[in-house]
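Q: I have a model open and want to know what the labels on it rest on. Can we go through them one by one, with the cut-offs?

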Amino acid sequence: MSEAWRGLDLRGGGLQAANIRLAQALKRRSRAYGLLAAFPLGLHRAYLDDPRGAWAYRVVAAIAVVALIVDWRLAIPVVALLAAALVHDVFWIERRGGALNKAIRGKVYL
């Protein structure tokens with residue numbers, strides 16, 4: 001019997017390998033919702049590949065802290081803006097997660 005089978009690389013191709021890569025690459029909405037608990041840091045946005053949105057959260061949170069130190073009344077509109085963004089992101093995570101996972105599936109399988 002030939003020993004050629006030893007040179008085969010079965011990890012690089014095939015449906016099973018593609019399924020493993022897909023399972024590792026998919027974005028989990030539950031993880032994004034968990035990261036939403038620390039929304040001033042923008043971790044949920046960073047996880048869902050939106051670095052600009054993540055930095056926007058960080059900058060607005062820093063402005064809120066500075067406004068709170070200067071005068072608490074200045075912080076009220078900034079905190080209201082953060083709260084509105086938080087409510088928006090509760091629904092945004094579902095749409096963004098679905099769109100990202102669809103793109104990831106296409107990349108893995110095609």
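Q: How many aromatic pairs does the count come to?
A: The count comes to 1 aromatic pair. The rule is that rings of Phe, Tyr and Trp (its six-membered ring) pair if their centres lie within 6.5 Å; planes under 30 degrees apart count as stacked, over 60 as edge-to-face and the rest as tilted.

Q: What makes the pair of Phe39 and Tyr57 edge-to-face?
A: The ring centres of Phe39 and Tyr57 are 6.4 Å apart, and their planes stand at 75 degrees, so the pair is edge-to-face. Phe39 sits in the loop between helix H2 (29-35) and H3, while Tyr57 is in helix H4, 18 residues apart, so the pair links distant parts of the chain. Both Phe39 and Tyr57 are buried; that word means under 20% relative accessible area, with exposed over 50% and partly exposed in between (1.4 Å probe, protein chains only).

Q: What should I keep in mind about the model itself?
A: This is a predicted model: local features need pLDDT of at least 70, side-chain atom pairs count only at pLDDT 80 or more, and totals for chains, interfaces and linings use all residues. Residues are numbered from 1 along each chain as its sequence is written, and side-chain values use heavy atoms, with hydrogens and water left out.

Q: How many helices and strands does the protein have?
A: There are 5 helices and 0 strands, and the order from the N terminus is α-α-α-α-α. Helices (H or I, at least four residues) and strands (E, at least two) are DSSP runs, numbered from the N terminus.

Q: How does the reach of H4 compare with what is expected?
A: H4 (residues 51-70) has 20 residues and spans 29 Å from its first C-alpha to its last, close to the 28 Å expected at 1.5 Å a residue. The expected span is 1.5 Å times one less than the number of residues.

Q: Why are the buried residues of H4 said to line one face?
A: The buried ones in H4 are Gly53, Ala54, Tyr57, Ala61, Ala64 and Ala67. Looking down the H4 axis, they fall within an arc of 150 degrees, so they line one face of the helix. The arc is taken from the directions from the helix axis to the C-beta atoms. On the other side of H4, Pro51, Arg52, Trp55, Ile69 and Val70 are exposed.

Q: What do the buried residues of H4 pack against?
A: They pack against helix H3 (43-47) and helix H5 (72-109). Contact means heavy atoms within 4.5 Å.

Q: What puts the buried residues of H1 on the same side?
A: Ala17, Ala18 and Leu22 are the buried residues of H1. Their arc around the axis is only 135 degrees, which puts them on the same side of H1. The face turned away from that side carries the exposed residues Gln16 and Gln24, and what covers the buried residues of H1 includes H5.

Q: What about Asp49: which label, and why?
A: At 41% relative accessibility, Asp49 counts as partly exposed. Asp49 is found in the loop between H3 and H4, and its phi is near 55 degrees, a positive value in a residue other than glycine.

Q: Which residues touch the most other members of the largest nonpolar core?
A: Of its 13 residues, Ala32, Phe39, Leu48, Leu82 and Ile93 do. H5 supplies the largest share, 5 residues. A nonpolar core is a set of buried Ala, Val, Leu, Ile, Met, Phe, Trp, Tyr and Cys residues joined through side-chain atoms within 4.5 Å. Apart from this core lies another, of 5 residues, among them Ala18, Leu22, Ile104 and Val108.

Q: How do you know that Lys27 lies over the face of Tyr47?
A: Lys27 is at 4.9 Å from the ring centre of Tyr47. A charge sits over a ring if NZ of Lys or CZ of Arg is within 6 Å of the ring centre and within 35 degrees of the ring normal. Arg58 likewise lies over the face of Trp55, at 4.6 Å from the ring centre.
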